[in-house]
Structures are given as structure tokens and as C-alpha cells.
Amino acid sequence: MLTLETIKAKLAKRFEGDTISSLCHIPHPFELQNTQEGASLVFQAMQRKQHILIVGDYDADGILSTAIMVHFFRLIAYPHFSYVIPNRFSDGYGISIAILERFPQADLIITVDNGITAIEVAQFCKEKGKTLIITDHHTPKDILPQALIINPKVSGFVQEDICGALVAWYFCAAIKVCAQLELNLTPLLELVGIACVSDMMPLKNLNRTILKKSLSLLKNPSFAFSIFLSKHYAEIDEECIAFYIAPLLNASGRMAQADIALSFILSQTQEEALSHFQTLKALNAERKKIQEDTLIQVKNHLVISSHCVLACGEDWHDGILGILAGKLVQDYQKTAFVLTSKDGIYQGSGRAFGNTHLIKSLESLNIPIEFGGHKGAIGIKIGPNDIQTFLQNFKAIIEEDQEEERIFGELPPHLLTNDLLSLLKSFAPYGEGNPKPLFTLSPLPILSKKLIGKEKNHTLLTLQSPTSKPIKAIAFFCTEFESNCDPLTFYITQDSFSSSPMLVVQT
């Protein structure tokens, strides 16, 4: 049976190898390889008053990375720069020659959250005499672009899995050092923390420290958009970012043009932030509706193999394929791919189940496919004639199991106190790499239950405790609940009304 001491020991074990516990321990900017060389190139370009172009990406991490660079150049009052985020539908992913041709004045180009596979772009820049600096965090291929590359997965770093926004922040810090500038970049960590959660980075070591600082800053924010968010949401924590803020930012790039979310982040006033926020909310509502409708079609086109599930369709919305793949992973407990036909090629997204390493799994296939991304989430292109071979040959390559112990054990009811809540909070933030611990509880009689929520699709329960006052529990997206026979599996949160522990039941 668990005690407070054993719970604390299990949680502490997750961070035994961490070496960075505060901002004063984070690596110097030059420890991320090539930042010093890249900063020197930027400083030289600024001295010559050359034009600098920032090329971002249309997801939340890419948008926030772009905003960090824009804020930086505005902070130092350097006027000769432009920025662009590719349109998912007309430009495709990442930097391209077509984008650069729209900015012929650019002498130095900086990518953020993209570029690690931009072989042709690098050659184009070389031929045109332009300097290309690639800042990225995605998994590299065997052949790298001929450019200056700042990517923790290429050169190694104290932590390889960091978000694109943190790479961009470190690059700005390196430029600050190189140019001997007097300015404080700490407020920009507000943006980095949101990106860290949005891009599901493992919350350990450097990421954990940066996110904790970011959440602290967001309690007294510095930017118009974050001041607006702090007034709109009761508390900005990791869950608020994951379930509310990140989907709003992503909706912009999924449904329209990511510039909308970028304009929100770069807002100068509360009125401007409100206007952009309302646009993002409308786009996110549209995204949800299209997603619900398309999910039905996806399940009608689903093929299930021993290692994955795959759905191919026509005219499915490009912006929601990754979300749909994630839904399939939850529903079928397998790695999932959702693809739609475009110009005779199937393209879309894949999401990994469990510890499947998608990049390694796809690299092992002897099929002409294009892919890129992270071990858990990828974009993919494949010819229609190769689909069947893909299904037959795809084997999930599982990384050595590094997943932390998730179910801690049976929790005696008398431990459901504010002391337990305080203990659990001391190991926050929770998320990727530091999941909320799950507990079990012997079956308890149900004193009451009722459906709650706008759509009446969640069940609120009151359970009879043998040793203390009745226990509150909630089962999200569950309308038929029986707990008298089976043990409960749950994590613990704080009841917003009573401030007491509440069980969030896993169904």
C-alpha cells in the first residue's frame, strides 16, 4: 500500500539524472554548437545593414519561434529584416526556393523550426551568394544541407529533444553575447514555455527548468497576448497550454494562414489581441467540426495491420490529418497514418503508439517514401502503388523502454488529502516525459452521479469512502459509468470549488 513517502520517492526517481534545476544552471548559448559562428554572421550582416529574412513554420512551435526572432530584432531596433511563415496549402512545409524568390532583397536567411532537410534551398543560397543559417530541432537525414546548422540533434547538446523555440531563443542569446548587447531575453521564455508544451517536449532537465520559469513568468506576463490570456484563463499552467492555448495557435496554420496566430502573439494592445483571439477561436471551432466529420470517413477507409492502422482518402483537409492520426492511436492502440491524395501522391501524417520510433521505423523500409519530423510525429508522402507494400512491411521499431512508471499502485482513501495534493504539485509541471502518476482504488459505492458539461458527455461522481468524507471523481467523455465492481484507475487534480483532491478516472 502506498504512503506519501513512497509516492515522493517514485516521483523523485524520474529526475535523478537531471543536472539543470534553475536558470543559473542552463548552458551558455555557445554550448549549442554553431551558435557562436551563426551569431557572428548575423552581427556582421547587421553592421553592413544587410537584409535578414526569418522563415518559420506553421505549427505552434514554428509560430512562437518566429515571434521570438521578430521580438529580438525589434528589441535591438534593427530595421532591415522581414519574416514569413509558409502557407500549409500553397507553400507546403518549410523553407523553399519559391519563398526565397519572394524576398530577393534578403542577404542572410534564418530558418526557425525547419530547414534540416532543405538541400536544394541551401544549394540555391550558395549559388546566389546568400548566407543560410538553419535553426531546427527535427531529426536530420543522412545528407545535411550545405549551410550553417544549429540543431541539437546534429551536434549534440545537454538535451537533444528541445523545441524549435528554445533553439531560436538560444540563437538570439548568442547574438546578444556576440554583439555585446544590453537587453533582457528572459521575458521571451514565456513564448518558449508555450512552445515546449505545444510540441510535446520531454519535461526533464533543461525543458523542465525552462517551462517552470515560463509558467512563473506567465503569472505576471510581459506581452499583450500573454496578458490577455492571463485574464481570459483562470490559471495558465501546462494543462491550459496543452488543451486550450496550443490548439488555438495551431488552428491558424491548420485552417488558414499561420500569420493570424503570429499577429496574435505580436499584438501591441489588448484590443488587438482580443480581435486576433476571436479569429483564432472561430478557426478552432471550424477545425473541430471538420475533424468530427472527417473522422467518420477515416474510420470507413481504415486498414488495420499487425503494427499500424492506415487510412487513405480523397480531399481530406490537410490541416487535421495529424490530429486524426492521434485519435486513431488512442482508439486502436497502434501507430497510425492518415493520408489524403494530392497530385497523384498520398501525403499526410503519422503518430506513434507508445515507444515506437517513427523515424527509425520508416528508415528501415525499402520503399520510396518522403518523411520527416520527430520520433513520435511525422509528415509523410508515398505513391499509391506503394501503400500495400507499406502496410505489409511496416514494423514498429520500439525504443528501449524509458517510459516512467505510470501506475504507482493502490492508494488508501485516507491519503486523499491536501498534503498529497501539495506533494504532487511539487513535482509539476506534468506532461511528456513526466506524466501525471496514476493510482488505483478498490471499488467504492457510488453515492451520486450526474452528467455535466455543455454536451452532457462527462460524468461527475460522489463515491463513498470507508475512512473519510465522500470522494469526488470525474470521468471525462464517459456517460455510462459503473465503479461498484471494478477498481478505479485515476490521477489526482484539485477540485476548483472545494480545493480538495478530486479523482480524474481513466475509462
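1. A salt bridge here is a side-chain nitrogen of Lys or Arg within 4 Å of a carboxyl oxygen of Asp or Glu. The model is a predicted one, and eight salt bridges are counted in it by this rule. One of them joins the side chains of D331 and K299, with an N to O distance of 2.8 Å. D331 belongs to helix α14 (residues 321-332) and K299 to helix α13 (residues 270-300), so this pair links distant parts of the chain, 32 residues apart. Both ends are partly exposed: D331 has a relative accessible area of 44%, and K299 has one of 35%.

2. A further salt bridge is made by D91 and R102, whose side chains meet at 3.3 Å, N to O. D91 sits in the loop between β2 and α4, while R102 sits in the loop between α4 and β3; the pair therefore ties together parts that are 11 residues apart in sequence. D91 counts as partly exposed, at 22% relative accessibility. R102 counts as partly exposed as well, at 45%.

3. K219 and E235 form another of the salt bridges, and their closest N and O atoms are 4.0 Å apart. E235 is found in the loop between α10 and α11 and K219 in the loop between α9 and α10, so parts that are 16 residues apart in sequence are tied together by the pair. Is K219 buried or exposed? K219 is exposed, because its relative accessible area of 62% is over the 50% cut-off. E235, at 46% relative accessibility, counts as partly exposed.

4. The next point is the sheet. Five strands form an open sheet in the order β2-β1-β3-β4-β5, and their pairing is parallel. The edges are β2 (81-84) and β5 (148-150), each of which pairs on one side only. From one strand to the next the twist averages 15°.

5. Within this sheet, strand β1 (residues 52-55) runs parallel to strand β3 (residues 108-112), and four bridges join the two. Which residue of β3 is the bridge partner of I52? The partner is L108.

6. As a general matter, nonpolar side chains in soluble globular proteins tend to be buried together.

7. Helix α8 (residues 189-198) deserves a point of its own. Of its 10 residues, 10 are buried, so the helix is largely enclosed by the rest of the structure. The buried residues are L189, E190, L191, V192, G193, I194, A195, C196, V197 and S198. What covers them includes α3 (60-75), α7 (164-178), α9 (205-217), α10 (224-232), α11 (238-255) and α12 (259-265). M200 follows α8 and has a positive phi, near 55°.

8. I97 lies in helix α4 (residues 97-101). Its relative accessible area is 26%, so I97 is partly exposed. Residues up to four places away in sequence aside, I97 touches E120, V121 and F124. The C-alpha atoms of I97 and C125 are separated by 8.7 Å, and these two residues are 28 residues apart along the chain.

9. The last point concerns a loop residue. Where is S305? S305 is in the loop between β6 (302-304) and β7 (308-314). With a relative accessible area of 16%, which is under the 20% cut-off, S305 is buried. S305 touches K334 and L391, not counting residues up to four places away in sequence.

Conventions: Residues are numbered from 1 along each chain as its sequence is written. This is a predicted model: local features need pLDDT of at least 70, side-chain atom pairs count only at pLDDT 80 or more; totals for chains, interfaces and linings use all residues. Side-chain values use heavy atoms; hydrogens and water are left out. Two strands pair if DSSP finds at least two bridges between them. Axes are lines fitted to C-alpha atoms, for helices over the stretch in contact, and angles run from 0 to 180 degrees between N-to-C directions. Buried means under 20% relative accessible area, exposed over 50%, partly exposed in between (1.4 Å probe, protein chains only). Contact means heavy atoms within 4.5 Å.
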